[in-house]
There are 2 protein chains.
Amino acid sequence: MRAHSLATTPNLKCEDCPIRHRAVCAKCESDELRELDGLKYYRTVPAGQTVVWSGDEMDFVASIVSGIATLTQTMEDGRTQMVGLLLPSDFVGRPGRAQAAYDVTATTEVTLCCFRKRPFEDMMRRTPNIGQRLLEMTLDELDAAREWMLLLGRKTAREKIATLLTIIVRRDASLQLMGRDGPLEFDLPLTREAMADYLGLTLETVSRQVSALRRDGVIVLKGKRHITIPDFDRLLEETGDDADGGMLT
Amino acid sequence: MRAHSLATTPNLKCEDCPIRHRAVCAKCESDELRELDGLKYYRTVPAGQTVVWSGDEMDFVASIVSGIATLTQTMEDGRTQMVGLLLPSDFVGRPGRAQAAYDVTATTEVTLCCFRKRPFEDMMRRTPNIGQRLLEMTLDELDAAREWMLLLGRKTAREKIATLLTIIVRRDASLQLMGRDGPLEFDLPLTREAMADYLGLTLETVSRQVSALRRDGVIVLKGKRHITIPDFDRLLEETGDDADGGMLT
DNA sequence: GGCGGACCTTGATCCGCATCAAATAGGGTT
DNA sequence: AACCCTATTTGATGCGGATCAAGGTCCGCC
């Protein structure tokens with residue numbers, strides 16, 4: 001299944017782009033946007049398909065416009081670890097690097113705003129706003145990776161699940177500011193197996209701990225994927241993190 | 001012991017600086033170096049002392065000139081996870097952020113080349129070479145963090161130890177190109193406890209696995225800290241990584 | 001409306017690593 | 001040389017999560 005899906009989607013105008021203010025182009029002036037408008041092309045990848053394989057030649061970089069993708073590493077014997085969750089506005093690929101370092105897989109259908117690497121690198125050299133924004137985003141990702149290292153190295157299975165849930169809730173909240181106070185609700189964008197790959201667990205352990213949190217009333221399940229959080233502070237207590245706002249958000 | 005050691009050391013000229021070609025200033029022209037020369041001040045921190053505490057106000061950024069420091073996160077109940085190992089030329093602090101996100105601790109005596117944050121940020125805005133280099137370094141650190149996520153999430157204790165040893169060997173090799181082929185030798189720069197914090201293990205498990213690798217002839221110990229690797233490929237097999245050059249670097 | 005397959009849950013058992021507890025080895029100091 | 005302090009090793013035991021093994025549920029499809 002290494003076939004590249006090259007489904008090309010009609011471009012949105014940068015001005016109307018939903019990720020305009022968070023993506024790598026966030027700091028660009030309107031003349032810079034016009035230039036990007038000329039370089040970019042959209043590409044849509046169906047759910048479940050791999051966008052790039054680790055080690056593959058990669059001649060483009062991209063921003064996630066919509067959908068969710070994952071970055072994963074795999075060992076020879078098949079053990080896999082997710083090392084990043086890519087959400088709308090996140091950046092894929094690395095300027096200055098020819099091969100992909102990780103597998104990039106679409107979890108849901110994903111739309112990418114792509115740039116051929118060479119023209120993008122050229123423009124980056126001329127446009128400090130892009131490099132600056134990319135630096136900010138990379139520093140944020142580094143913080144997220146380090147927070148994840150604490151989770152992987154030191155948290156219990158239950159704490160890991162609770163932490164993942166809070167992260168998903170916070171993301172949803174930041175996108176569609178929902179009514180505070182009321183119970184939070186959302187759909188899990190990940191299968192149990194993907195959660196396990198993210199958390200350094202097996203899918204059986206994930207399933208058991210989700211059930212345990214349900215039994216203890218921390219979460220309410222409707223179906224397999226729909227979750228309600230009756231009391232967010234209660235969930236926070238389960239993460240093992242500092243109760244107050246110790247975490248960077 | 002929260003006292004800041006403010007020992008100030010006489011500055012080296014940038015031109016003579018041992019990290020000149022790897023640090024954040026690597027791409028600077030000589031006029032830019034002169035400006036940095038005017039901003040910088042050296043500071044030396046004794047082994048074991050904490051440079052900054054997570055959450056502290058941090059009004060400077062710095063490059064490690066010599067010595068080794070660690071970045072660690074701590075949970076309320078005392079569980080700790082090292083999230084970075086800082087070697088000469090590595091960068092400390094984040095432009096645009098007021099508080100430290102992690103504890104920074106000197107493992108050996110450390111000399112820092114510091115810049116007050118505001119003047120550094122100003123210069124960064126005017127000097128694309130600095131921002132570009134910082135972006136490269138940050139992307140490298142992100143890769144390292146993600147490799148570490150795989151280790152923390154999926155590797156066994158023995159594989160973790162073997163991986164740490166190969167990383168230390170590679171670093172030594174990259175600094176002082178030593179005779180290939182011959183047995184590799186080095187001193188561990190970390191205590192068993194620090195290794196445990198890095199690897200997401202307990203110090204007892206670290207000690208046991210080091211002993212096991214010694215029993216199996218993978219490593220030879222002289223004293224507690226001095227290690228000889230009779231056969232580097234043998235050590236590589238123990239890491240669980242792709243046998244060939246699958247790894248970056 | 002029955003069937004196949006993906007996803008999920010639950011149970012039983014095992015094992016790797018944590019935990020608790022001593023003992024030993026250096027290294028520096030007096 | 002005797003002593004102390006810290007780093008390290010080693011042993012005994014227990015637990016958390018992996019592994020192995022059945023089911024169960026939902027959904028699209030014929």
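Mentor: We will go through domains, a sheet, a chain contact and the DNA surfaces. Keep in mind that this is a predicted model.

Trainee: Into which domains is chain A divided?

Mentor: Start with the stretches of sequence. Chain A has domain 1 at 7-141 and domain 2 at 155-238. The centres of these two domains of chain A are 27 Å apart, taken over C-alpha atoms.

Trainee: How many residues of domain 1 of chain A are in contact with domain 2 of chain A?

Mentor: Count each side separately. Domain 1 of chain A brings ten residues, and domain 2 of chain A brings seven. Next, ask which elements supply them. On the domain 1 side, strand 5 (69-74) and strand 6 (80-86) of chain A give two or more residues each. Then sort by class. That side of domain 1 has four nonpolar residues, six polar ones and no charged ones.

Trainee: What is the strand order in the open sheet of four strands of chain A?

Mentor: Read a sheet across its strands. The order here is 3-8-5-6 in chain A, and the pairing is antiparallel. Strand 3 (50-52) and strand 6 of chain A are the edge strands, since each pairs on one side only. From one strand to the next, the twist averages 35°.

Trainee: Over how many bridges do strand 5 and strand 8 of chain A pair?

Mentor: Follow one pair at a time. Strand 5 and strand 8 (residues 103-106) of chain A pair over four bridges, in the antiparallel sense. For an example, find Thr70(A): its bridge partner in strand 8 of chain A is Thr105(A).

Trainee: Which strands does helix 5 of chain A touch as it packs on the sheet?

Mentor: Look for the touching strands, then the angle. Helix 5 of chain A touches strand 5 and strand 6 of chain A. Its direction makes about 100° with that of strand 6 of chain A. Now look at the other chain. Helix 3 (residues 128-154) of chain B lies across strand 5 and strand 6 of chain A, at about 135° to strand 6 of chain A.

Trainee: How many residues does the contact take from chain A and from chain B?

Mentor: It takes 31 residues from chain A and 31 from chain B. On the chain B side, helix 3 of chain B gives the most, with 18 residues. By class, the chain B side has 14 nonpolar, nine polar and eight charged residues.

Trainee: Which residues come closest to DNA strand C?

Mentor: List the neighbours, then see which chains they belong to. 18 residues surround DNA strand C, and the closest are Thr191(A), Ser207(A), Ser211(A), Thr156(B) and Thr205(B). Helix 6 of chain A has the largest share of this surface, six residues. The classes are four nonpolar, seven polar and seven charged.

Trainee: And which residues come nearest to DNA strand D?

Mentor: Of the 17 residues around DNA strand D, the nearest are Thr156(A), Thr205(A), Thr191(B), Ser207(B) and Ser211(B). The surface near DNA strand D has four nonpolar, six polar and seven charged residues.

Notes. Residues are numbered from 1 along each chain as its sequence is written. Chains are lettered from A and ligands numbered from 1 in the order in which they are written. This is a predicted model: local features need pLDDT of at least 70, side-chain atom pairs count only at pLDDT 80 or more; totals for chains, interfaces and linings use all residues. A residue is near a molecule or strand if its C-beta atom, placed from the backbone, lies within 6 Å of it. Ala, Val, Leu, Ile, Met, Phe, Trp, Tyr, Cys and Pro count as nonpolar, Asp, Glu, Lys and Arg as charged, and the others, Gly among them, as polar. Domain bounds come from an automatic or database domain assignment. Two residues are in contact if their C-beta atoms, placed from the backbone, lie within 7 Å. Two strands pair if DSSP finds at least two bridges between them. Axes are lines fitted to C-alpha atoms, for helices over the stretch in contact, and angles run from 0 to 180 degrees between N-to-C directions.
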